[in-house]
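This report describes a protein chain by its fold, its confidence values and two selected positions. Please consult the sequence and the structure shown here while reading.

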Amino acid sequence: MDVSGIEQLSICIRYINHVNGAEICEEFLGFCPLAKQDAASITEAILSQLEKWGLEMDYLRGQGYDGASAMSGHEHHGYH
């Protein structure tokens with residue numbers, strides 16, 4: 001949650017940089033606001049933001065981690 005009280009999701013990517021051999025890189029892309037903290041809203045926010053940034057969905061794989069009650073009871077939290 002930011003200082004104005006809006007829930008936000010931080011989005012980072014991990015990728016392989018083939019220019020320098022096989023260097024694994026990780027970058028913070030930004031925050032996006034969340035309307036609700038349920039699995040469907042989080043998934044929609046992620047997909048919408050990735051599309052906005054012009055990332056090619058066919059080449060992406062994802063994992064998401066949070067402590068939201070919507071995801072309680074699951075050992076691994078993945079959004080695909």
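Which residue takes a positive phi in the hairpin of strand 1 and strand 2? Gly21 does, with a phi near 90 degrees, in a hairpin that has five residues between the strands.

## Basis of the model

This is a predicted model, in which local features need pLDDT of at least 70 and side-chain atom pairs count only at pLDDT 80 or more, while totals for chains, interfaces and linings use all residues. Residues are numbered from 1 along each chain as its sequence is written, and side-chain values use heavy atoms, with hydrogens and water left out.

## Fold

The protein chain contains one helix and two strands, arranged along the sequence in the pattern β-β-α. Helices (H or I, at least four residues) and strands (E, at least two) are DSSP runs, numbered from the N terminus.

Strand 1 (residues 8-17) pairs with strand 2 (residues 23-33) in the antiparallel sense, over ten bridges; pairing requires that DSSP find at least two bridges between two strands. Within this pairing, Ser10 has Phe31 of strand 2 as its bridge partner. In a regular strand the side chains alternate between the two faces of the sheet.

## Confidence

The mean pLDDT (the predictor's confidence in each residue, from 0 to 100) is 76 for the protein chain, and 74% of the residues reach 70 or more. Residues 74-80 have a pLDDT below 50, yet this stretch has 15 contacts in the model beyond near neighbours in sequence; a contact means heavy atoms within 4.5 Å. Where pLDDT is low, the predicted coordinates should not be read in detail.

## Surface and contacts

The accessible surface of the protein chain is about 6,300 Å², and 53% of this belongs to carbon and sulfur atoms. Accessible areas come from the Shrake-Rupley method with a 1.4 Å probe, and for residues only the protein chains shown count as cover.

Of the 80 residues, 22% count as buried, that is, under 20% relative accessible area, with exposed over 50% and partly exposed in between (1.4 Å probe, protein chains only). Among contacts between residues at least 6 apart in sequence, 33% join residues at least 24 apart.

Gln49 lies in helix 1 (residues 39-52). Gln49 is buried because its relative accessible area is 11%. Leaving aside neighbours within four places in sequence, Gln49 is in contact with Ile11 and Cys32.

Ser48 also belongs to helix 1, but counts as partly exposed, at 39% relative accessibility. The C-alpha atoms of Ser48 and Cys32 are 9.6 Å apart in space, and these residues are 16 residues apart in sequence.
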